[in-house]
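Hello,

I am passing a structure on to you, with some notes on what turned up in it. Please have a look at it first and then read on.

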Amino acid sequence: MKKQLYLYLFLVTTMILFFTYMYFTKQIEFERKNSKLIEKSIKDSLMTYMNKVSEADYFSLEQNQHAQDYFEKYSIQKLIPQIKEALIAYNDSPKGNIYTGQEKMGDQKFIINKVKVLNHRWIIADYSNGQLWGDVLIKYFVEDNGTITFQVMDTFLYPQEQY
């Protein structure tokens, strides 16, 4: 009877160890497959994101070699911030930034919030007065002496939303 009990305990212990081994082996394989799927998904998402960024930057001075060649005597890395700062400096005017193409409405003046230099000649900018928002297309010129001049090409003020 004692031998049968030991044999029974040995068999039960062996079966428990076997099933535990199989469980953890399968779990490791599952996690390995799952991590490969997650890694592939992350790579695909990253590639999609990089393609979108590349597509969005297609119209930018940083990516346009022809536009960069136009400014052969200037450093693009220094010129772009200089252009943005020169345009945003007009926000300090009491009447607002004249390059929004909008007159001051009441106490609220229109100022430029964001600027994107598209190429060697055009800028697109976002402006607002705190209640109304709009976009403006600006033509710019970098003179031989380094000064920057601007000219409003077109402007659009979004209609005020009614609640």
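Let me begin with Y90, which is partly exposed at a relative accessible area of 32% (buried means under 20% relative accessible area, exposed over 50%, and partly exposed in between, with a 1.4 Å probe and protein chains only). Before going further, please note that this is a predicted model, where local features need pLDDT of at least 70, side-chain atom pairs count only at pLDDT 80 or more, and totals for chains, interfaces and linings use all residues. Residues are numbered from 1 along each chain as its sequence is written, and side-chain values use heavy atoms, with hydrogens and water left out.

**Aromatic rings**

Rings of Phe, Tyr and Trp (its six-membered ring) pair if their centres lie within 6.5 Å; planes under 30 degrees apart count as stacked, over 60 as edge-to-face and the rest as tilted. The count by this rule is 8 aromatic pairs. In one of them, the ring centres of Y90 and Y99 are 4.9 Å apart and the planes stand at 80°, so this pair is edge-to-face. Y99 is buried, its relative accessible area being 14%.

Y90 also forms an edge-to-face pair with F150, at 6.3 Å centre to centre and with 90° between the planes. This pair links distant parts of the chain, 60 residues apart: Y90 sits in the loop between α3 (76-88) and β1 (111-117), and F150 in strand β4 (residues 148-157). Helices (H or I, at least four residues) and strands (E, at least two) are DSSP runs, numbered from the N terminus. F150 is buried, with a relative accessible area of 8%. Through their ring pairs, Y90, Y99 and F150 are linked into a cluster.

Strand β2 (residues 122-128) pairs with β3 in the antiparallel sense over 7 bridges (two strands pair if DSSP finds at least two bridges between them). Here S128 stands opposite W133 in β3. The two strands β2 and β3 form a hairpin with 4 residues between them, and G130 in the turn has a positive phi of about 95°.

On to β4: β3 and β4 run antiparallel and are joined by 9 bridges, with D135 opposite F156 in β4.

Best wishes
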